[in-house]
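Please look over the sequence and the model before turning to the notes below.

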Amino acid sequence: MRTRLLFFIILFFSCFLAQAQTAVNYNQSNLAKRVTLDLKYNRISDVLQKISNAGKFYFAYNGALFKQDSVVNLNVKNIAVRDVLDQLFEGKVAYKENEEYIILRYAANRFSIEAESIVTAENLYAITGYVVDIQTGKRVKNASVYEKRLLQSALTDEEGTFNLKFKGEHKSIVLTASKENYRDTSLVFLSSINVKPQGYDDPDKEKGTLFSDMLDNFRISRWFTSSKQRIQNINIPNFLANMPIQASLTPGLSSQGKMSTSVVNKFSLNLIGGYTAGVDGMEIAGVFNLDKGNVQYVQVAGAFNVVGGLTKGVQIAGALNINGQDVKGVQVSGAFNNVQRNMEGVQVSGLNYVRRSAKAVQISAVGNIITDDLQGLQITGIGNVVSKNTKGVQIAALGNITSGLMRGIQISGIFNYAKSNKGLQIGLINAADSSSGVSLGLFNFVKNGYHKISISSNELINANIAFKSGNANLYTIFMLGKNFVKDENIETFGLGFGHDFFAGKLFSVAAELSAQHLYLGQWDYVNILNKFQLNLQFRVFKGLSIYGGPVANYYVTNAPADYRSPVGYKQIDPANSKIIRGHKGWLGWNAGITLF
């Protein structure tokens, strides 16, 4: 028995140890954390997921970096994440990290910086050199060479050559070369040219920022930036510096030179327009602001603002605000507000658009569009559209559309539509696929709701037909009728509303309020018969019910008191009628059948 128990204990721990194990110090950098893994025939994406779960961080990478279904074997014991990734990707992937993410990018190629000439003078240090691909020996064009601390940069030309000048006294210059698909490399130059330049291990080489390239996806931003600026963004996507102030005439003509797209500023002033990494304070432009990263607090432009990252605070533009990620705050523009992710706050413009969900108030002249859920208020001069669910209020002159569940109120001049209505619709035409709410309008249609035809008779008109549409809470009634009695002819049409009470399997009670015009041989006078009726309904079988009940009638006409109907038409003068405020009222009856 003891031998069997010992066997099961050993088996349990053997199975447990076959899974990913970790000994993680969470105060370490993500790349320095150590893991133990014994994985066989696992997909790369699953291996990355197990590493990230163990280290309490996330991987960020382009899905095209590797084949998602590639299967690998991995056996490591107490190895740093950096070394595990080197083994997994065979050195073809470069890494950057911030607090929560390790950013992976393809970097199979390697290059070096070669100094051709170094010139020193009073308060001047100039370096001319070139960048060389280590494997091929060929010079590399369009590589970014930059000094991080001094915010100076250059792109190599067609011959792979660069030239940089630095003003002031500097003990050392550290140049870094970056290019897409290459590993970054750095070289240190001491102030004395007698010292041969040596390779340099940048302590910040693995520090990065999970950065959006959304800005370059906007066509409007490409119109106002040069190809060199876009190449530099591709080469140096994650390096950021912080400065108190910058000024620009146009993108590229900046107090921070070509490195302006890697600098986050407290205050940014752009006379015509500027292109920076972001703002942590205030940015003002005569025409436009372009920011590839985050912007917070205040951004104002005469024409447009384009932000690739998060926006928090107030954003005001004469024409356009375009945002690549979430917005929290207030957006005001003359023509168009565009948020590519989530919106929390207030949008005011000619047209407002949110690609994901919104907890917001949207006010526009033309329309408000949200492609996910809305919690809040939409007001517009033409139409509101929510592609999923609405919890709030939609008000439009023309129409409102909610393609999912609507819990709230829709008010429009023409039409309202909700796939599932659990609120209140007020409009000329109200439609829904299903409804447990209330619709008030001339025509209320519920696809999976109330569609009934009633044929009835009453004490005044012996043949009536009505179409009832909506739901049991409130349905619309369209009616036509004719009294087929010699010398007592009446033609009628009208509109009403109804509600079902105490609906059971067999019996129910309905209350209906209607108004109908009676044609009595000529159109010279208005003859309106107002009716309130209670119907006791009995369901014979599915699709057929019979009903009947009392009716309170109140007849209003502008015909003279001594008016007589033309020959062949009925005189409306029931024997049991009474004069109520100058018009006739009486109790009557109603009976009929309902189909469907």
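Which residue stands opposite T311 in β25? The residue opposite T311 in β25 is V327. The structure is a predicted model, in which local features need pLDDT of at least 70 and side-chain atom pairs count only at pLDDT 80 or more, while totals for chains, interfaces and linings use all residues. Residues are numbered from 1 along each chain as its sequence is written, and side-chain values use heavy atoms, with hydrogens and water left out.

**Overall composition**

- The protein chain holds six helices and 46 strands; these are DSSP runs numbered from the N terminus, helices being H or I of at least four residues and strands E of at least two.
- Of its 596 residues, 45% count as buried, where buried means under 20% relative accessible area, exposed over 50% and partly exposed in between, with a 1.4 Å probe and protein chains only.
- The accessible surface of the protein chain is about 30000 Å², and 59% of it belongs to carbon and sulfur atoms; such areas come from the Shrake-Rupley method with a 1.4 Å probe, and for residues only the protein chains shown count as cover.
- Among contacts in the protein chain with a separation of 6 or more, 36% are between residues 24 or more positions apart; contact means heavy atoms within 4.5 Å.

**Nonpolar cores**

- The largest nonpolar core has 22 residues, and L85, I102 and L104 have the most contacts inside it; a nonpolar core is a set of buried Ala, Val, Leu, Ile, Met, Phe, Trp, Tyr and Cys residues joined through side-chain atoms within 4.5 Å.
- Two or more residues of this core come from each of β2 (34–43), α2 (44–55), β4 (71–80), α3 (81–89), β5 (93–97) and β6 (101–106).
- Helix α3 gives the largest share of this core, five residues.
- Another core lies apart from it, with 18 residues that include V140, A143, I173 and L187.
- I102 is in contact with residues including L31, F57, V81, L85 and Y95, its neighbours within four places in sequence being left aside.

**Helix α3**

- V81, V84, L85, L88 and F89 are the buried residues of α3.
- They lie on the same side of α3 because they cover an arc of only 115° around the axis; the arc is that of the directions from the helix axis to the C-beta atoms.
- The cover over the buried residues of α3 includes β2, α2, β3 (58–60), β4, β5 and β6.
- After α3 comes E90, which has a positive phi near 55°.

**Parallel strands**

- Strands β21 (residues 295–301) and β23 (residues 311–317) run parallel and are joined by seven bridges; two strands pair if DSSP finds at least two bridges between them.
- A301 has A317 as its bridge partner in β23.
- Seven bridges also pair β23 with β25 (residues 327–333) in the parallel sense.

**Antiparallel strands**

- An open sheet of three strands has the order β7-β8-β11, with antiparallel pairing.
- Its edge strands, β7 (111–121) and β11 (161–167), each pair on one side only.
- β7 and β8 (residues 124–133) are joined by 10 bridges, and S112 has V132 as its bridge partner in β8.
- β41 (residues 490–501) and β42 (residues 507–519) run antiparallel with 11 bridges; F493 is partnered by H517 in β42.
- Five residues separate the strands of this hairpin, where F502 takes a positive phi near 50°.
- β42 is also joined by 11 bridges to the antiparallel strand β43 (residues 527–541), in which Q533 stands opposite E512.
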